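Reader: I have a chain to go through with you. Could we put it up and take the layout before the details?

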Amino acid sequence: MPKGYWVSAYRTISDPEKLAAYNKLAPAAVKAGGGRVLARGGRVVAHDAGVTERTVLIEFDSFEQAVAAHESAAYQEALVALSDGVERDFRIVEGID
């Protein structure tokens, strides 16, 4: 079964306090959903239309697990805390077998 991934590319961080509140809640929600953080906020080299603000990559055992983790009450609470504090491109993608 192909793995699932959350890919977040932050374009701007307009409210660091909201991001900090999100960062207090999101890791527990991700872990409870079976996610493993592979990359978060490290060095980035951007090409084409990419930005280097912040990038996060989280792996799940399946695409369905990744979707369920995003829809969980715990992660939805983290999203409320984040609110409009950032502009990001967030995707859930299916890996290759």
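Reader: In what order do the elements of the protein chain run from the N terminus on?
Author: They run β-α-β-β-α-α-β. Helices (H or I, at least four residues) and strands (E, at least two) are DSSP runs, numbered from the N terminus. The radius of gyration is 13 Å, close to the 13 Å that the globule rule gives for 97 residues, so the chain is as compact as a globular protein of that length. That radius is taken over C-alpha atoms, and the rule is 2.2 Å times the number of residues to the power 0.38.

Reader: What should I know about the source and the numbering?
Author: This is a predicted model, where local features need pLDDT of at least 70 and side-chain atom pairs count only at pLDDT 80 or more, while totals for chains, interfaces and linings use all residues. Residues are numbered from 1 along each chain as its sequence is written, and side-chain values use heavy atoms, with hydrogens and water left out.

Reader: What does the C-alpha trace span along its principal axes?
Author: About 35 × 35 × 15 Å.

Reader: And how much of the chain counts as buried?
Author: Of the 97 residues, 28% are buried. Buried means under 20% relative accessible area, exposed over 50%, and partly exposed in between, with a 1.4 Å probe and protein chains only.

Reader: Which residues have the most contacts inside the largest nonpolar core?
Author: Trp-6, Tyr-10, Leu-19, Tyr-22, Ile-58, Phe-60 and Tyr-75, in a core of 16 residues. A nonpolar core is a set of buried Ala, Val, Leu, Ile, Met, Phe, Trp, Tyr and Cys residues joined through side-chain atoms within 4.5 Å.

Reader: Which elements give two or more residues to this core?
Author: β1 (4–13), α1 (16–32), β3 (54–60), α2 (63–71) and α3 (73–82). The largest share, 5 residues, comes from α1.

Reader: What does Ile-58 touch?
Author: Leaving out residues up to four places away in sequence, Ile-58 touches Gly-4, Tyr-5, Trp-6, Val-30, Gly-35, Arg-36, Val-37 and Leu-38. Contact means heavy atoms within 4.5 Å. Over the chain, residues 24 or more positions apart account for 78% of the contacts with a separation of 6 or more.

Reader: Now Ile-13. Where is Ile-13 found, and what is it in contact with?
Author: Ile-13 is in strand β1. Beyond its neighbours within four places in sequence, Ile-13 contacts Leu-19, Glu-53, Arg-54, Gly-85 and Val-86. Ile-13 is partly exposed, with a relative accessible area of 27%.

Reader: How far apart in space are Ile-13 and Tyr-75?
Author: They are 19 Å apart, C-alpha to C-alpha, and 62 residues apart in sequence.

Reader: Lys-24: buried or exposed?
Author: Exposed, at 71% relative accessible area. Lys-24 lies in helix α1. Its C-alpha is 9.4 Å from that of Ala-81, which is 57 residues away in sequence.

Reader: Backbone next. What is phi for Asp-48?
Author: Positive, about 55°, although Asp-48 is not a glycine. Asp-48 sits in the loop between β2 (36–40) and β3, and is exposed, with a relative accessible area of 84%.

Reader: And phi of Ser-83?
Author: Near 50°, again a positive value in a residue other than glycine. Ser-83 lies in the loop between α3 and β4 (86–94). At 46% relative accessibility, Ser-83 counts as partly exposed.
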